[in-house]
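Please look over the sequence and the model shown here, and then follow the explanation from one part to the next.

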Amino acid sequence: MINISNENVALWSRISSRKTFGLVLDELAYEYPDLMVLVADVADSAGLGEFGEHHPEQFLNVGIAEQNMIAIAAGLAKSGYKVFAVSFAPFASMRCFEVLRTYLGYMNLDVTVVGIASGVSMGTAGNTHYGLEDLALPRTIPNMTVVSPADCTETVKAVEALLEHKGPAYLRLTGVNGNQPVYKEDYDFRLGRAAKVREGTDVAIVATGTMVYESLRATRKLQKEGISCTIWDMSTVKPLDEKALEEAFDSHKLVVTAEEHSVIGGLGAAVAEYKAWHNQKTRLEIIGLPDSFGKAGAYAWMLDQQGLSARHLADRIAEAYQNLG
Amino acid sequence: MNTELCTRIEGAARNMRRNMLEMTLHAGPNGAHIGGSLSSADIVAALYCGILDREGRGDHFVLSKGHCAMVQYAALCEIGAISKEELMTFEDNGGMFPAHQVMNDAIGIELSSGSLGLGLGFGIGLALADKKKGTKARTFVLLGNGECNEGSVWEAVMQAPKLKLDNLTAIVDSNHLQLDGGPEQIVPQANIAESFRSFGWEAVEINGHDIGAIYEALSERKEDGRPRMVVADTVKGKGVSFMENQVKYHHAGLTQAQYEQAVEELSHD
């Protein structure tokens, strides 16, 4: 177990979710001798720069060969190892998507694929390096659990949970160093369960990844405008916490999803699928990255440009709420 | 190898070929990947009846060219893991034996396959696990020559020598055809053995229908840290005159008359 202390939470926020991931996996690997960590030439980028030195028997850098990384991971998992396989989000999800489907989903093997620096956190690197569709893709694979932590603390909790989980999973890490924490102390995290991080009456915001904190910030402005919001951190995007969604749709006038991911196929789409079956009355507003390749820029500029920073979220939510009539 | 074992493997290959023709007939208009299955039959027969020690050492067989699942099914029947009745449910609706195999540990199918270019990486994972556990198990991966068009094969080829996987043996069933024709028109593969060698594999070239040569190439294990690649020169459709070297028999059905002619030819082999 990792200690969720003030010092640790502060440190993790300084170093980002992806570095936090590597830091805690390095520590947890001592408790999991059957853990194997595979990277596609991204050890340092994932905070695993010293992992190979600390755990030489549990580490393999396969080089820039993501498809082969997942195939090797599958073979190790078939032989009883618990495997984490790590690359940048677009390559971990898209480049080897079919390997995830055939070798992890179809054979239901115990591999967690970790997509680091997802969303637009790669900023000036441009669209090749953004994770725009890595909730959508793994979500279509049977047996796959899709996890998208809100902050570094939740990244730690998710890694601990996935080490105990059996079956294939995709862990999507968003945000950059300096992102503020949503969770400052220990809490009860469970895969498949959303956490209510704010209680309100008018609007239910169902957010994932970095958008949980942005939503929290947005509600300060919304509160002043007289709009009271509940916020759920939907940290597991598959399977969805339908109990939380039932409450969101049945007890609010508007449900808003917020994600640093394409508006197509991600959390918003998953919630819309729920709505199609269960609640036709309550209006749903889907907020995410538009269906386009935008210009590159620094992370904060990107969020602002794409309408995902707190003030834009607040405006978009207020507008949707006022349009309810 | 002794004569008795050679006879046993030859007999197994003959039975497997006959059963695969019957499976193809059974599949009716759905057809079957008969050409590449016939080219692999001697290799797979040698593996199942002379090389693999699944129970004892814990050996693995990875059929990476998954479209030829029928050759694995026929081998499983040959060693008694499945019955002839079960074998003849090949490609039945909702059955256990579709055209591309589905992982089934109970009968010894270790992976779901059909997507080309991934089995060698999977085999690396199995072989690496065995190294780490200190077992004597060996891993055999069967690839197709067309499959070697896939870039992911070469990702695995580059990786295995680094890991010193001398417990890993890959075989290329090099039958000189793929779905659209010959490699010279599609992706030329001259000196493919030399390509493997250049990445640090021990590569040997054999006649993939010479039981003695297959047995020798697969049974030898040097503990020198090098994975072994066996490039097996084969004939697509081997054993049936009208199928041999005919690209249309990559995947095809059989009429009753064709089936009878094919079985008749095999009995004279």
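Val204(B) has Val230(B) of strand S5 as its bridge partner, and this pair belongs to the 6 bridges over which strand S4 (residues 202–207) of chain B and S5(B) pair in the parallel sense; strands count as paired if DSSP finds at least two bridges between them. Helices (H or I, at least four residues) and strands (E, at least two) are DSSP runs, numbered from the N terminus. The model is a predicted one, in which local features need pLDDT of at least 70 and side-chain atom pairs count only at pLDDT 80 or more, whereas totals for chains, interfaces and linings use all residues. Residues are numbered from 1 along each chain as its sequence is written, chains are lettered from A and ligands numbered from 1 in the order in which they are written, and side-chain values use heavy atoms, with hydrogens and water left out.

Between S4(B) and S5(B) the chain passes through helix H8 (residues 211–219) of chain B, and this β-α-β crossover is right-handed, a term that applies if, with the strands pointing away from the viewer, the path from the first strand over the helix to the second runs clockwise. Strand S3 (residues 168–174) of chain B also runs parallel to S5(B), joined to it by 6 bridges, and in one of these pairings Ser174(B) has Asp233(B) as its partner. Because 5 of the 6 residues of S5(B) (residues 228–233) are buried, the strand is largely enclosed by the rest of the structure; buried means under 20% relative accessible area, exposed over 50%, and partly exposed in between, with a 1.4 Å probe and protein chains only.

Leaving aside neighbours within four places in sequence, the residues in contact with Asp233(B) include Ser174(B), His176(B) and Ile206(B), where contact means heavy atoms within 4.5 Å. The side chain of Asp233(B) also makes a polar contact of 2.6 Å with the side chain of His176(B); a polar contact is a pair of N or O atoms within 3.5 Å, and within protein one must be able to donate a hydrogen and the other to accept it, while residues adjacent in sequence count only if both atoms are side-chain atoms.

In H8(B), the residues Ile211(B), Ala213(B), Ile214(B), Tyr215(B), Ala217(B) and Leu218(B) are buried, and what covers the buried residues of H8(B) includes helix H1 (3–27), helix H2 (34–51), strand S2 (139–144), S3, S4 and S5 of chain B. The N-terminal end of H8(B) is capped by Asp210(B), which has a side-chain oxygen 3.0 Å from the backbone nitrogen of Gly212(B).

In the loop between S3 and H7 of chain B lies Gln189(B), which counts as buried at 18% relative accessibility. The side chain of Gln189(B) reaches the backbone oxygen of Asn145(B) at 2.7 Å.

The next topic is aromatic rings. Rings of Phe, Tyr and Trp (its six-membered ring) pair if their centres lie within 6.5 Å, and planes under 30 degrees apart count as stacked, over 60 as edge-to-face and the rest as tilted. By this rule the count comes to 12 aromatic pairs over all chains. One of them, Tyr103(A) with Phe122(B), is edge-to-face, at 5.5 Å centre to centre and 80° between the planes. Tyr103(A) lies in helix H6 (residues 97–105) of chain A and Phe122(B) in helix H5 (residues 119–133) of chain B, so the pair joins two chains. Tyr103(A) counts as buried at 1% relative accessibility, and Phe122(B) counts as buried at 0%. The rings of Trp154(B) and Phe196(B) have their centres 5.0 Å apart and their planes at 10°, so this pair is stacked.

In chain A, strand S1 (residues 35–39) is mostly covered, with 5 of its 5 residues buried. In a regular strand the side chains alternate between the two faces of the sheet. Accordingly, Leu35(A), Val37(A) and Val39(A) point one way from S1(A), and Met36(A) and Leu38(A) the other way. S1(A) runs parallel to strand S3 (residues 82–88) of chain A, to which 5 bridges join it, and Val39(A) has Val86(A) as its bridge partner there.
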